[in-house]
Amino acid sequence: MEAAHAHTPGYGHDDHDAHKPSGIKRWVMSTNHKDIGTMYLWFSFSMFLVGGVMALIIRSELFQPGLQIVQPDFFNSMITYHGLIMVFGAIMPAFVGFANWLIPMQVGAPDMAFPRMNNLSFWLLPPAALLLIVAQFMPGGGAGVGWTLYAPLSTQAGPAMDLTIFAIHILGMSSIMGSINIITTILNMRAPGMTLMKMPLFCWTWLITAYLLVAVMPVLAGAVTMTLTDRHFGTHFFNAAGGGDPVLYQHIFWFFGHPEVYIIAIPAFGVVSQVIPAFSRKPLFGYASMVYATASIAILSFMVWAHHMYTAGMPVEAQLYFMYATVLIAVPTGVKVFNWVATMWRGSLTFETPMLFALGFLFLFTLGGFTGLVLSIVPVDVQLHDTYYVVAHFHYVMVAGALFSAFAGIYFWLPKWTGRMYNETLGKWHFWLSLIFFNVTFFVQHFLGLAGMPRRIPDYALQFAEFNAISSIGAWGFGLAQLLFLYIVIKTITSGEKAPEKPWEGADSLEWTHLPTPAPWHSFETPPVVK
Amino acid sequence: MGIKGIWKWAVAGALYFWSLAAWAEYKLNLQTPQTLLGEKIYDLHTIITVICFVIFIGVFGFMFYAVFKHRKSVGHKAAQFHENIVVEVAWTLIPAAILVAMAVPATGTLIAMRDTSEPDLTIKATGYQWKWGYDYLKGEGEGISFYSTLSTPRAQIDGRDVAGRNANPNYLLEVDNHVVVPVGKKVRVLTTAADVLHAWYVPALAVKQDAVPGFIRDTWFKAEKAGIYRGQCAELCGKDHGFMPIVVEVMEQAQYTAWASAQQKKVAAAKVDPNKTWTPEELKAHGEKVYAQNCVACHQATGMGVPGAFPALSGSKVVNGPAADQIKLVLNGKQGTAMNAFKHLSDADLAGVITYTRNSWNNKVGDATTPADIKAARN
Ligand code: HEM
Ligand SMILES: [Cu+2]
Ligand SMILES: [Cu+2]
């Protein structure tokens with residue numbers, strides 16, 4: 001730990017405030033956790049817009065029955081890349097951006113443990129994103145296989161599939177490097193007195209997430225590599241005619257895929273666990289049980305993957321096991337929700353934008369958790385699997401969950417990062433518009449799924465028409481509301497009012513208590529002493 | 001536009017949708033189940049949803065209470081407690097107990113659902129890109145075999161006949177040949193696929209089972225009421241995934257018996273004598289039908305394919321080259337592309353379709369491939 005402190009600030013003598021590199025070089029060569037965090041966040045937002053445009057193409061086509069705007073192949077490609085880009089391009093990098101900005105400040109370190117690797121982890125992302133976009137223009141168009149890339153449809157797909165596989169390899173490398181950095185920073189670079197059980201919960205959630213990432217990204221890489229060799233090198237992993245098994249792909253994919261949903265959710269829990277206490281002016285209720293609940297969720301997440309495959313054909317014993325294990329996850333998840341509510345209980349609450357988004361998260365994520373519980377029951381899931389009910393479920397946890405939490409985090413820390421305040425009125429508008437349009441878009445999809453509308457179809461029977469029209473209108477509203485967010489952020493950075501030293505009365509982690517606002521270029525050149 | 005303007009629009013919008021909803025036949029819940037098992041599943045879903053709803057109201061009752069009563073603006077001062085072992089243990093154990101209570105009925109239903117033993121009728125459903133094939137394997141109607149393809153006119157789908165679409169209550173949920181089964185009989189459905197994954201999904205009968213190429217899965221249902229029940233392929237299977245519905249027609253026993261024997265006679269009549277000698281014209285005419293059934297989805301009726309995705313057969317080097325190569329390609333497919341093996345077609349079908357493609361559009365090879373050629377190529 002001492003050694004790390006001695007070395008990290010010294011790696012580049014020329015990196016001090018006085019002569020920090022300027023212009024493009026500052027970003028391309030950056031080894032500064034704050035600049036890299038900023039780049040992650042902007043990258044994430046751009047990908048959010050790209051994925052959002054794809055979502056709007058999907059929803060516009062589904063506004064009415066019949067094929068209006070796009071043809072089925074292109075529609076399938078939009079489904080695929082919307083999912084991939086939102087998951088790997090928008091949500092995951094957003095939370096890595098938060099990790100970069102906050103972890104060194106919250107544990108009292110000067111920077112991340114491996115600043116050069118940090119630079120590389122970020123700069124791997126743009127080429128991967130580019131591959132996903134270029135894939136649209138390959139002969140035959142993008143691969144219309146769904147973000148799950150199930151074999152053997154993926155073996156059939158055109159050359160776009162190879163670019164997609166390559167992009168996933170690169171994204172995986174980036175995630176693993178980012179995780180190594182986070183784990184090392186948290187384990188080795190904490191300030192004296194900052195014991196693990198004193199860390200802000202955000203750091204805990206990232207420590208756990210980083211272990212999940214290191215464990216499962218190689219599994220995904222393996223799955224897509226097997227697809228690649230099936231496609232080009234004559235192997236038959238997923239081809240029954242050659243002795244393989246298409247369902248094997250699903251097992252491998254979901255062994256990655258279920259932990260992946262927690263990779264998305266757990267850092268979101270972390271952000272919310274910082275925001276709710278701050279605006280309740282009261283310490284987080286049940287800190288230790290939060291840590292244990294998060295760790296149990298992470299461990300359980302490795303044991304439930306086949307709940308995505310209840311209809312794929314499994315022995316009934318296996319189905320029973322996966323049902324029980326899945327239901328079990330509801331217990332630690334419930335504990336977290338109860339803790340958040342107990343934190344607010346008898347607090348002194350105020351409702352600035354970060355708190356609003358955190359409450360939106362709490363309310364809607366829990367709703368998504370409940371539909372998840374419904375889906376975990378095998379006989380019910382057999383009815384609902386691969387219908388719009390599932391689409392509604394995962395958007396409640398990923399959009400109203402992870403994305404709302406990211407918004408909460410941005411509004412919360414923007415003053416610390418930029419030294420300027422966002423416009424509270426506009427922030428509230430952004431919240432209410434997002435909340436309303438989100439529900440208009442996705443709540444009705446529960447009904448569609450219950451009534452039997454399959455997902456991933458470009459056209460549908462007439463009895464689904466009304467709810468699809470409503471959902472599409474909601475989607476446009478939601479999309480436009482995000483432009484307001486962009487405006488608010490740019491306005492804050494360029495001409496926001498100067499932020500007070502400590503804009504949030506109840507915020508108590510090191511970045512608020514021990515650092516000036518805006519946070520200096522190097523956080524803690526000498527480690528703070530934590531009592 | 002000011003706030004007032006926005007409100008006007010909002011009210012107008014709400015009215016518009018309310019008026020739509022008023023005449024719509026939309027549904028808010030699972031389709032009415034037509035099997036006893038389906039009823040069980042329906043009830044299970046209701047119970048779980050209600051339990052979730054009650055917990056939701058309870059938890060967020062507390063949250064909203066705090067939101068209104070414990071806010072700073074009403075002068076509430078923050079307490080500083082942050083632990084309480086008793087409540088923490090309670091809210092771990094009580095949910096666990098509720099979950100066990102949910103799992104018990106679910107277990108019973110699941111075990112019943114998976115019991116496919118002692119069926120009265122066994123039907124194999126094979127998923128193809130993009131239609132279903134059915135073979136009646138065992139029970140009354142044994143030997144019946146047909147394909148079932150979307151029958152909604154293309155013009156309704158691509159918008160040339162919007163009026164027709166709006167007047168079509170079964171838009172996208174209609175097929176040329178229904179799967180017919182008798183009422184009150186246990187029907188076991190074996191699912192498999194010829195190319196990629198599909199899933200056989202009929203909501204009202206409470207069945208959904210993936211169809212996995214190279215493997216057989218099974219599911220079952222026992223319809224309590226005669227009627228026509230409609231479903232769709234539920235696993236993404238490529239371009240026309242949204243266009244391969246499933247229609248199950250449940251008939252009274254007597255009617256079913258009549259249907260089955262008529263079908264069996266048809267099958268017998270249609271059985272082509274394997275020793276029949278075909279004229280090239282007959283082969284081409286037969287091949288046109290086979291082509292329409294099996295190849296148009298990709299290569300198109302014009303033989304021009306879809307640029308970038310499916311090659312044109314018109315003018316193709318393979319089709320205009322030696323017949324033997326084309327036979328091999330169509331029989332075995334091409335690994336790693338959407339061109340799948342068509343081994344499952346009969347010798348006459350394959351001979352026909354190959355003759356047809358070699359002598360249609362811009363292709364004027366002039367030869368005829370006979371069933372005997374196919375037979376030879378199979379070995
Ligand atoms: C960051 C937020 C979001 C994430 C992480 C996300 C993620 C996903 C994922 C993983 C899929 C599945 C794709 C597949 O089935 O292969 C999906 C599908 C979809 N998403 Fe999103 N999404 C997000 C935001 C949105 C928004 C804002 C909208 C609407 C405006 C939207 C609309 C859709 C639609 C219509 C589908 C297609 C469902 C289907 O498979 O049939 N998504 N999304
Ligand atoms: Cu899962
Ligand atoms: Cu299909």
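How many salt bridges does the rule count over all chains? The count comes to ten salt bridges over all chains, a salt bridge being a side-chain nitrogen of Lys or Arg within 4 Å of a carboxyl oxygen of Asp or Glu. The model is predicted, so local features need pLDDT of at least 70 and side-chain atom pairs count only at pLDDT 80 or more, while totals for chains, interfaces and linings use all residues. Residues are numbered from 1 along each chain as its sequence is written, chains are lettered from A and ligands numbered from 1 in the order in which they are written, and side-chain values use heavy atoms, with hydrogens and water left out.

**View 1. The contact between chain A and chain B.** Chain A brings 104 residues to the contact and chain B brings 102 residues, where contact means heavy atoms within 4.5 Å. About 8500 Å² is buried between the two chains, and carbon and sulfur atoms give 68% of this area. Buried area is the accessible area (1.4 Å probe) that two parts lose on being put together, summed over both. Gln156(A), Trp345(A) and Gln383(A) supply 8% of the area that chain A buries against chain B, more than any other three residues.

**View 2. Polar pairs and helices on the chain A side.** Across the interface of chain A and chain B there are 26 residue pairs in polar contact, both residues at pLDDT 80 or more. A polar contact is a pair of N or O atoms within 3.5 Å; within protein, one must be able to donate a hydrogen and the other to accept it, and residues adjacent in sequence count only if both atoms are side-chain atoms. Helix 12 of chain A gives the most to the side that touches chain B, with 15 residues; helices (H or I, at least four residues) and strands (E, at least two) are DSSP runs, numbered from the N terminus. The residues on this side of chain A divide into 62 nonpolar, 29 polar and 13 charged. Ala, Val, Leu, Ile, Met, Phe, Trp, Tyr, Cys and Pro count as nonpolar, Asp, Glu, Lys and Arg as charged, and the others, Gly among them, as polar.

View 3. Between chain A and chain B the count is one salt bridge. Glu505(A) forms a salt bridge with Lys72(B), with the closest N and O atoms 2.9 Å apart. Glu505(A) also meets Arg281(A) in a salt bridge (2.7 Å, N to O). Arg281(A) and Glu505(A) are 224 residues apart and lie in loops of chain A. Arg281(A) is buried at 16% relative accessibility, whereas Glu505(A) is partly exposed at 49%; buried means under 20% relative accessible area, exposed over 50%, and partly exposed in between (1.4 Å probe, protein chains only).

**View 4. Two salt bridges within chain B.** Asp218(B) forms a salt bridge with Arg188(B), the closest N and O atoms being 3.0 Å apart. Asp218(B) lies in strand 8 and Arg188(B) in strand 5 of chain B, so the pair ties together parts that are 30 residues apart in sequence. Asp158(B) and Arg160(B) also meet in a salt bridge (3.0 Å, N to O). Asp158(B) is partly exposed, at 30%, and Arg160(B) is exposed, at 60%.
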